[in-house]
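Please look at the sequence and the structure below, and keep both at hand while reading.

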Amino acid sequence: MTKTFTVLLSLLVALGLGGCVDQASREPANLSTAKAEVKAYVDSGKYDADLTDVAAPAKTWITRRAGAGTEKLAVVFDIDETTLSNFDHMQKADWGYQADSWSQWVMESKAPAISPVREIYRTARAHKVAAFFITGRRESEKAATARNLRTQGMGDFAAVLVRSDSSKTPVGIFKTASRKHITEQGYTIIANVGDQQSDLDGGYSERTFKLPNPFYLIP
C-alpha cells in the first residue's frame, strides 16, 4: 500500500465516505429548492413577522435607555437588508450578484425601507438619539445611498459612513472601526442594528439587535 493511497483512504474514512454513511444524508438542498424556500419565507409574511419581533425590544430598549441619562446617545444601523430592502433586485437577479447591475440599482435610490427598522429609527430620533448608518457600500455610492434614505423617511442622520472605493478592509473590521470613531466623538452607542453578525461583532455598543437575512452572508 503506497503512502499516497494510505493518506487518501484515511481522508475517505474521516469524511465518512467509506460506505458507512449515506452520501445523500449530507447533500444540501437543491439550489432551486432553496431559492423557492426563501421566496416563500418572504411571501408568507414570516420574514416581516421576524423583523417585527426584533424591532419591538429594540424600540423598548432605546426608549428606556434614552430616559436614563443626558449624555450624547447614538444608534447605529446597517443599510442593506437592515434599513433598506434589496429584495426586488435580488429576485430579478435570481439571487446572484453582478457588480454592474448592483451599482445601477444603488444609484437609482429606489430601495424601499424595511418598515419595522424604520420604526426603530423613528423611535431613536423621537428621543433625540443620533442615528448613524454604517455600510459596506462605497464612497461612489454614498450620495445615492443618502438620497435613498431621505426618500424613505430616514434622512435625519448624523452621518452615513462608507468604505472608500479602493478599500480592501473586510466589512466587519471597517464597521468596528467606524463605531469606535463614533464613540471617540463623545457618543455612547446604545444600540447597533444589523442583519449580519459581522455588523454586530467587535463591541462599541451597549446592545446589539440581529435581524434575519436568509439571502446572503457577509463574513
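**A walk through the model**

Ser178 lies in helix 8, where helices (H or I, at least four residues) and strands (E, at least two) are DSSP runs numbered from the N terminus. This is a predicted model, in which local features need pLDDT of at least 70 and side-chain atom pairs count only at pLDDT 80 or more, while totals for chains, interfaces and linings use all residues. Residues are numbered from 1 along each chain as its sequence is written, and side-chain values use heavy atoms, with hydrogens and water left out.

Ser178 counts as buried, at 8% relative accessibility; buried means under 20% relative accessible area, exposed over 50%, and partly exposed in between, with a 1.4 Å probe and protein chains only. Not counting residues up to four places away in sequence, Ser178 touches Ile134 and Leu161, a contact being heavy atoms within 4.5 Å.

Strand 2 (residues 130-138) pairs with strand 3 in the parallel sense over 4 bridges. Along this pairing, Phe133 stands opposite Val160, and Arg138 has Arg163 in strand 3 as its bridge partner. In a regular strand the side chains alternate between the two faces of the sheet. In strand 3 both faces are covered, with Ala159, Leu161 and Arg163 buried on one side and Val160 and Val162 buried on the other. Since 5 of the 5 residues of strand 3 are buried, the strand is largely enclosed by the rest of the structure.

What lies inside the protein? The largest nonpolar core has 41 residues, and those with the most contacts inside it are Ile62, Val75, Phe77, Val129, Phe133, Ile190 and Val193; such a core is a set of buried Ala, Val, Leu, Ile, Met, Phe, Trp, Tyr and Cys residues joined through side-chain atoms within 4.5 Å. Helix 3 (residues 46-66) gives the most to this core, with 8 residues. Apart from it lies another core, of 11 residues, among them Val76, Ile134, Ile182 and Ile189. Val193, leaving out residues up to four places away in sequence, touches a list of residues including Val75, Phe77, Ile120, Leu200 and Phe209.

Ala66 has its place in helix 3 and is buried, with a relative accessible area of 15%. Leaving aside neighbours within four places in sequence, Ala66 is in contact with Leu73, His127 and Val129. The C-alpha atoms of Ala66 and Ala126, which are 60 residues apart along the chain, are separated by 9.9 Å.

Most residues other than glycine have a negative phi, and most peptide bonds are trans. Glu81, in the loop between strand 1 and helix 4 (87-92), has a positive phi of about 65 degrees although it is not a glycine, and Glu81 is buried, with a relative accessible area of 1%. Ser109, found in the loop between helix 5 (99-108) and helix 6 (115-126), has a positive phi near 55 degrees and counts as buried at 9% relative accessibility.

Seen as a whole, the protein has 9 helices and 5 strands, and 42% of its 219 residues count as buried. Among the contacts with a separation of 6 or more, 71% are between residues 24 or more positions apart. The mean pLDDT, the predictor's confidence in each residue from 0 to 100, is 88, and 89% of the residues reach 70 or more. Over residues 1-20, however, the pLDDT is below 50, and beyond near neighbours in sequence this stretch has 8 contacts in the model. Where pLDDT is low, the predicted coordinates should not be read in detail.

Key: Two strands pair if DSSP finds at least two bridges between them.
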